[in-house]
Amino acid sequence: MTDAATKPERVYFFGTCLADMLYPETGMAGIRLIEREGVSVVYPQAQSCCGQPAYNTGYFDEARAVARKQLEIFSADCPIVVPSGSCAGMLKYHYLELFEGRPEYGAVQKFAGRIFELSEFLLRVLDIDLTDRGEPIRVTWHSSCHHRREMKTTEDSKALIRRLRKVELIELEREHECCGFGGTFAVKHPQISAAMAQDKISDIQASGASRLITGDCGCLMNISGVMSKQAIPISGQHLAEFLWERTNGQAAV
């Protein structure tokens with residue numbers, strides 16, 4: 001197992017459902033950023049959802065079944081890198097809640113200790129070199145609730161963006177506010193969710209940035225979807241894809 005001072009020979013990559021189904025370029029960018037630093041990446045094909053939708057909805061037995069499968073699949077003693085603060089938070093913290101007082105708790109503790117959110121891993125473990133090959137651009141950053149409050153890796157993400165010489169990072173005035181996605185929350189409370197998304201987009205527009213960067217595909221889908229529907233000329237992008245494009249000069253396809 002690694003710590004923040006040790007560069008591992010190999011890591012697992014937990015792809016997440018949304019990256020797998022909707023944003024494969026995000027997953028590929030994350031993998032290639034790690035591989036470029038000389039670290040082998042293992043992507044178990046049998047991996048699935050982290051179990052968060054079941055957990056958030058109160059289906060704890062079903063969430064435990066999903067968790068047990070992930071413990072089996074990601075069994076080798078190496079870091080597990082996750083391009084999502086939300087999924088990383090589930091794997092690192094909520095699995096512990098699900099198995100507290102149960103026989104598997106010790107194994108879950110070891111598993112949780114191997115979880116790294118992507119920006120945390122790139123910055124703290126790999127100290128990644130980012131030579132900016134893009135044109136000057138102004139961007140802003142949206143931090144998901146889990147990225148900010150559970151994983152506490154918002155500043156890691158911003159530090160990576162600031163390593164890009166020709167990128168100006170503009171802070172949002174109301175960065176701490178949720179975008180309204182919240183997984184099942186957006187389905188159960190669509191009107192509230194839509195109002196929250198609109199508040200977020202107004203903040204993004206006021207920043208003057210031409211691109212929105214975030215570390216969670218759920219937030220990216222929610223915010224970008226509304227901006228696209230309203231024909232707002234601001235593109236959204238996951239941090240992994242943005243870093244790869246800026247430093248490699250092309251998309252990770």
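**Exercise 1. Which side chain meets Asp-132 in a salt bridge?**

Conventions come first. This is a predicted model, where local features need pLDDT of at least 70, side-chain atom pairs count only at pLDDT 80 or more, and totals for chains, interfaces and linings use all residues. Residues are numbered from 1 along each chain as its sequence is written, and side-chain values use heavy atoms, with hydrogens and water left out.

Step 1. Apply the criterion: a side-chain nitrogen of Lys or Arg within 4 Å of a carboxyl oxygen of Asp or Glu. The partner is Arg-246, at 2.9 Å, N to O.

Step 2. Asp-132 sits in the loop between H7 and S5, and Arg-246 in helix H13, so the bridge ties together parts 114 residues apart in sequence. Helices (H or I, at least four residues) and strands (E, at least two) are DSSP runs, numbered from the N terminus.

Step 3. Check burial. Asp-132 and Arg-246 are both buried (under 20% relative accessible area; exposed is over 50%, partly exposed in between; 1.4 Å probe, protein chains only).

**Exercise 2. Locate the bridge between Arg-68 and Glu-104 and classify its ends.**

Step 1. The N to O distance is 2.8 Å.

Step 2. Arg-68 belongs to helix H4 (residues 60-73). Glu-104 lies in the loop between helix H5 (85-99) and helix H6 (105-112). The separation in sequence is 36 residues.

Step 3. Arg-68 is partly exposed, at 36% relative accessible area. Glu-104 is partly exposed too, at 23%.

**Exercise 3. Trace the salt-bridge network that contains Glu-175.**

Step 1. Start with Glu-175 and Arg-148, which pair at 3.3 Å, N to O.

Step 2. Glu-175 is in the loop between S6 and helix H10 (184-188), and Arg-148 is in helix H8 (residues 145-149), 27 residues apart.

Step 3. Glu-175 counts as buried at 6% relative accessibility. Arg-148, at 32%, is partly exposed.

Step 4. Follow shared partners. One network joins Arg-148, Glu-155, Lys-158, Arg-162, Glu-171 and Glu-175. The structure holds 15 salt bridges.

**Exercise 4. Describe the largest nonpolar core and the surroundings of Leu-122.**

Step 1. A nonpolar core is a set of buried Ala, Val, Leu, Ile, Met, Phe, Trp, Tyr and Cys residues joined through side-chain atoms within 4.5 Å. The largest has 32 residues. Those with the most contacts inside it include Ile-34, Leu-122 and Leu-243.

Step 2. Elements supplying at least two core residues each include strand S1 (10-13), helix H2 (24-36) and helix H13 (239-248).

Step 3. Leave aside neighbours within four places in sequence. Leu-122 then has contacts (heavy atoms within 4.5 Å) with Leu-33, Ile-34, Asp-127, Ile-128, Leu-160 and Leu-243.
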